[in-house]
Amino acid sequence: MTNDPYMWLENIDDEQALAWVEKRNSSTIDQIASSSEFDSLSDKIRAMLDSDDRIPGFVVHGDYLYNFWQDAVHVKGIWRRTTLEDYKQQRPDWSPLLSVDELAEQEGEEWVWKGHSILRPECDRALIHLSKGGGDAVVVREFDIERREFVEGGFYLPEAKSDVCWAGRDRLIVGTDFGPESLTDSGYPMTLRIWDRNTPLSESVEIFRGEKPDVSVGAWTDSTNGFSEYYINRSPGFFSSETYVYQSESLTQVEKPEDANAWINQKRLFLRLKTDWTFRDRSYKGGSLLVADLDEYIESREGLDVVFEPSDTSVLESWDATKNSILLSISEDVRTQAYASTKSENGWKTRRVRDTSEISTESIQSFNPNFDDRFLLSNESYLVPSTLSIGGAEEQIETLKQAPAFFDAAEFNTVQFWTTSRDGTKIPYFEIRKKNANDAGPTLLYGYGGFEISMLPLYSASVGLGWLERGGTYVVANIRGGGEFGPDWHRSALKENRHRAFDDFIAVAEDLIERGVTTSSQLGIQGGSNGGLLMGNMYTKRPDLFGAIVCQVPLLDMSRYHLLLAGASWMAEYGDPDNPEEWNFLQNYSPYHNVKRDQSYPPILITTSTRDDRVHPGHARKMVALLEELGHPVTYYENTAGGHAGSADNSQLAFMITLVYEFLWNTLSKAAQE
């Protein structure tokens, strides 16, 4: 759009823009959120989100398990800890450390918890990350864990998209907004500094500098070697990186492919390859995980071992390390199972941790990284809530917690189907439906398809309460652009090949209709962020195929996405609009530029957040304004807090979830009656 009449809506906190938002929010509440049915579902979802029977996730530091918890009493949340033995009890005795509700009230700030970093091995100090409203930018404050209070005169970083880690009791490695020429074009740190206690931040010593077009730079450290060296990551692009070891004021680059992910832990170098790599006369397959002794590798460029190598159907979804083992979550045809690998005289020996055959997602991670060989094992599926267990190399697996079922899943089945995309590629999808369902009915199809993120079988109580219990069918499409079949599956839908992700999603939708599961008028679709871009393209490319669309925190204006907030960091995924050759294909999947006045479109709900500092709310605002101008039906809601997640607490989350399901059910069930 050469002359964009709605660019003024990109001014996030402009008084006129906020008035525009408020008018549409009020209309949406009147239209959807003012009924007793809405309140009833919202209350059920809120009760589920607040339930004390949920599994409390945790991280281990020293002798304690640390957890952040939100419920009806702790709306903004409470940070707390307990011991493993106490955690095993039905109702653990949690020791409170910091109440975000009390802090917000005391300081008059809408604080949203964004995590913590604890100093090891002492485990008596923490860096607390707090956001003003839920965005990615945070304030960092030092906290005394034993005294349960912030350290007066301690480390403090003002609001920014900072990267910070401990490098000793009195030292941090910091990447933040130091002023001009300290941030990348994407708004992330471009420089790293050593910051010693009782030294002004302005006098901290720079140890690394990236470049303005980079995505970001960051650092991490390892307390097990006494913080004797620091590890630095520079990301020139979203899928490229450089890794350095900083020691005694000397910087050494680790040799690796630029698209390989590197991690250093306990003097071990881990490389996860994205593409095939030939190194020292040996070939390694893309998608493999390699490990080597760091010092040996840097000195001799030798010692790389293969811990995992993918097949046509198996892919490494995630991995972690204990003191002596490497933990692998391996997906086979989008069904994930856990493995542990240990080194022997004959190389790395990998074993299945537990036999599972159902459609589920089993993931594994270290219990107390660097300090023992225990692991945490979780397993869940679309219809079975999560089980959390603990095990070890020489220990029996013991169940710690079993999450409750929040809806009756007995009458439903999960089945994996495959369909053929436009270019002949086989595309899998999961369908959750009543066992005795024979007739076409309201169906919700979810998709994402980007950034090598896999859509795995996960339990969602909100889907059960808001959709399945009403009689709806729920479907998840495993389209290209995701990571379901490794780096190639992702790479095949980048930039000029983005249409493949759209073709895949359309193929799944058409297969559902052909199989008699649903009809076009009863088929709703949903996606957020990159999935919001997918929804925008379904809206503009195949409006005949869908009865309703939910488009959340979306990218929609692909001519300006790289100029808004973190957008510049995604050009490796989508392309550069300022490059004429790349704009030639980008404009074909920029929904904001492809809406037609004389085309009939299905009803669409577009949502975003004022405080989203990752995907600019201007995308959603401008699209809504354009649709209104052209006379197309559109419903809009912008949460004023919550960041990219769309909500800051369980009350807001319950409202946003209910809004989606009420919009879809009201629209699609009406079509079923016609």
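# Questions about a predicted chain

Author: Let's start with Thr278, which is found in strand E20 (residues 277–279). A strand here is a DSSP run of E covering at least two residues, a helix is a run of H or I covering at least four, and both are numbered from the N terminus.

Reader: Before we go on, what am I looking at, and how are the residues numbered?

Author: It's a predicted model, where local features need pLDDT of at least 70 and side-chain atom pairs count only at pLDDT 80 or more, while totals for chains, interfaces and linings use all residues. Residues are numbered from 1 along each chain as its sequence is written, and side-chain values use heavy atoms, with hydrogens and water left out.

Reader: Why is Thr278 called exposed?

Author: Exposed means over 50% relative accessible area, buried means under 20%, and partly exposed is in between (1.4 Å probe, protein chains only). Thr278 has 58%, so it counts as exposed.

Reader: What about Arg280: which loop is it in?

Author: Arg280 is in the loop between E20 and strand E21 (282–284). Its relative accessible area is 44%, so it is partly exposed. Its phi is near 55 degrees, a positive value in a residue other than glycine.

Reader: And why is Val334 called buried?

Author: Its relative accessibility is 0%, so Val334 counts as buried. This residue belongs to the loop between strand E25 (325–332) and strand E26 (336–344). Val334 also has a positive phi, about 65 degrees, although it is not a glycine.

Reader: How do you know that the peptide bond from Arg120 to Pro121 is cis, and what is its omega?

Author: Omega is near 5 degrees for that bond, and it is listed as cis. You'll find Pro121 in the loop between strand E5 (111–118) and strand E6 (125–132).

Reader: What else does E12 pair with?

Author: E12 also pairs with strand E13 (residues 205–209), again antiparallel and over four bridges. There, Arg193 stands opposite Glu206 in E13. E12 itself (residues 191–196) is mostly covered, with five of its six residues buried.

Reader: What makes E32 and E33 a hairpin, and how many residues lie between them?

Author: Five residues lie between them, and Gly424 in the turn has a positive phi of about 95 degrees. Strand E32 (residues 412–420) and strand E33 (residues 426–434) run antiparallel and are joined by nine bridges. Among the partners, Gln416 goes with Phe430 in E33, and Thr420 goes with Lys426.

Reader: How many residues of E33 are buried, and where does it pair next?

Author: Seven of the nine residues in E33 are buried, which leaves it mostly covered. E33 pairs antiparallel with strand E35 (residues 473–477) over four bridges, and Glu431 stands opposite Val475 in E35.

Reader: Now the whole chain. How many helices and strands does it have, and why is it called as compact as a globular protein of that length?

Author: The chain has 13 helices and 39 strands. Its radius of gyration is 25 Å, close to the 26 Å that the globule rule gives for 674 residues, so it is as compact as a globular protein of that length. The radius is taken over C-alpha atoms, and the rule is 2.2 Å times the number of residues to the power 0.38. Those C-alpha atoms fill a box of roughly 70 × 55 × 55 Å along the principal axes.

Reader: What share of the residues counts as buried?

Author: Of the 674 residues, 60% count as buried. Among contacts with a separation of 6 or more, 56% come from residues 24 or more positions apart.

Note on methods: Contact = heavy atoms within 4.5 Å. Pairing = 2+ DSSP bridges.
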